2 protein chains.
Amino acid sequence: MSQDIPLSNGHNLVRCQQCGVRQMALFSDLTDDDFKHVHLPVDDISIDAGAMLYNAGDRALSLYTLRHGLVKLTHYLSDGSQRVVRLVRPGGTIGLEALCSDQFSHYAEAVQDSHLCRIPVAVVERLDRESPHLHQQLLQRWHQAVLDSDQWLTQMSTGSARERVARLCLFLRDDKTGTCLLPGREDIGAMLGITTETASRIIADFRRRGVVTALTRSHFSLDSKALQSVAGIYDEAA
Amino acid sequence: MSQDIPLSNGHNLVRCQQCGVRQMALFSDLTDDDFKHVHLPVDDISIDAGAMLYNAGDRALSLYTLRHGLVKLTHYLSDGSQRVVRLVRPGGTIGLEALCSDQFSHYAEAVQDSHLCRIPVAVVERLDRESPHLHQQLLQRWHQAVLDSDQWLTQMSTGSARERVARLCLFLRDDKTGTCLLPGREDIGAMLGITTETASRIIADFRRRGVVTALTRSHFSLDSKALQSVAGIYDEAA
DNA sequence: CGACTAGTTGAGCAATATCAAGTCCTGTGG
DNA sequence: CCACAGGACTTGATATTGCTCAACTAGTCG
């Protein structure tokens, strides 16, 4: 099911310590000493936009840290409809439930081409026992997952469709470039609880007003100020 | 801030072990041995409907297990509007973030008269270290909090207002009696992301159709079957 | 070049918000 | 015990929003 791209093992210690996203990632707080406990393979994996990472109900033997890209967690309802429950950005942890459940609870799919680290549950369980750093870090991750859910609810499922689209654009904004990579309209609809047509209309309207500008098909330049005012976020420094 | 009703301490061991909600509550898995580690006071507290348990930003020194009643966790937005992020039912844990943050992240308020156990963070941290049972139980609680959030999003923030109200009624349903205690219309609005008028209209309509029947001002008898069909839940045994 | 998919647009309609009156409880003070 | 003030709830009329259905357009990949 999952796309395995195992790399050479045996150098996890070095690789994790040098990881570019380490300061944000699950293992960020580990000391060199802690790393000595890592004996099982931590693999890098890459998946293309649209590819599945895991599905709800799949056996959960590893959890993931997102290095690059964007992953959506979807909750499928009995009636076949779906709702995106959370978007995970680089630095975030995916599939924490592997630590306390034998199966995943969401359908996880890459929205953009993504790179992740796959960490076996056994590794995390061991570090959880032996490294107070990681133990604390893990609680933080759980907390973050809850906060992210709350945020998702209040930002992406509250207010008018216009507000939600504006907030999504800001959420996806890359601070460095001031641009964002927008998912397909259908995905946007599932994220915001609106129809694809409404999503399309609003984005088209944003473009006409110059609030966003298309650089390529899915790459947009954003007028953050304008978006914030649409989103109902008022500039504190006014 | 919080309503302290300290009871006689020193008998936590006995009191927790005999607790009626113990099988559902945080300490459910503890062995008699584990209880020996509990030296700090675990207090019973009671708060009336409408009273605050804690506020976002309050110093988080304890967490809570709900014994009876109903507590809502609200996220306040910068613009003054609010959104109920989760409802906690008896057996649930409130304020887990105390374990990894020095302040609470929500505004917690009783929707019905409630009884809770207040457990100092130090107690949980100690048991977390010394009892594998509780450690596992804690991870479960975090996971449950995430699942609850997801559920809240998909059930209470998705679909038409009618569906949402129906789902809320079913969510609040007491299995024993087949009845439910409905919060005020304004609270319902904040929970479902609809206006109080819409909530009122829908409930009035449910009453006219006999889908729900008022026993007292806030106590209703439910026709679960009818509600399920409104909620879009189809009887598997059809 | 043509089929296909994603995106856009339009018109009409249904659901929900908004604004504005009422009406019904409930607790309070006479 | 009753009258009344205030809040919670209900209801109506109207404005908006977003959905539905349907057609059309523009890229994209064989």
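Guide: By class, the surface near DNA strand C has seven charged, six polar and four nonpolar residues. Charged covers Asp, Glu, Lys and Arg; nonpolar covers Ala, Val, Leu, Ile, Met, Phe, Trp, Tyr, Cys and Pro; the others, Gly among them, are polar. This is a predicted model: local features need pLDDT of at least 70, side-chain atom pairs count only at pLDDT 80 or more, and totals for chains, interfaces and linings use all residues. Residues are numbered from 1 along each chain as its sequence is written, while chains are lettered from A and ligands numbered from 1 in the order in which they are written.

In total, 17 residues surround DNA strand C. Near means that the C-beta atom, placed from the backbone, lies within 6 Å of the strand. Among the closest are Gly184(A), Ser200(A) and Ala204(A).

Now the elements. α7(A) gives the largest share of this surface, six residues. At least two residues each come from α6 (185-192) and α7 (196-209) of chain A, and from α5 (161-172) and α7 (196-209) of chain B. Helices here are DSSP runs (H or I, at least four residues), numbered from the N terminus.

The two chains also meet each other. 26 residues of chain A are in contact with 26 residues of chain B. Contact means C-beta atoms, placed from the backbone, within 7 Å. On the chain A side, α4(A) supplies the largest share, 12 residues. That side divides into 10 nonpolar, 12 polar and four charged residues.

Notes. Two residues are in contact if their C-beta atoms, placed from the backbone, lie within 7 Å.
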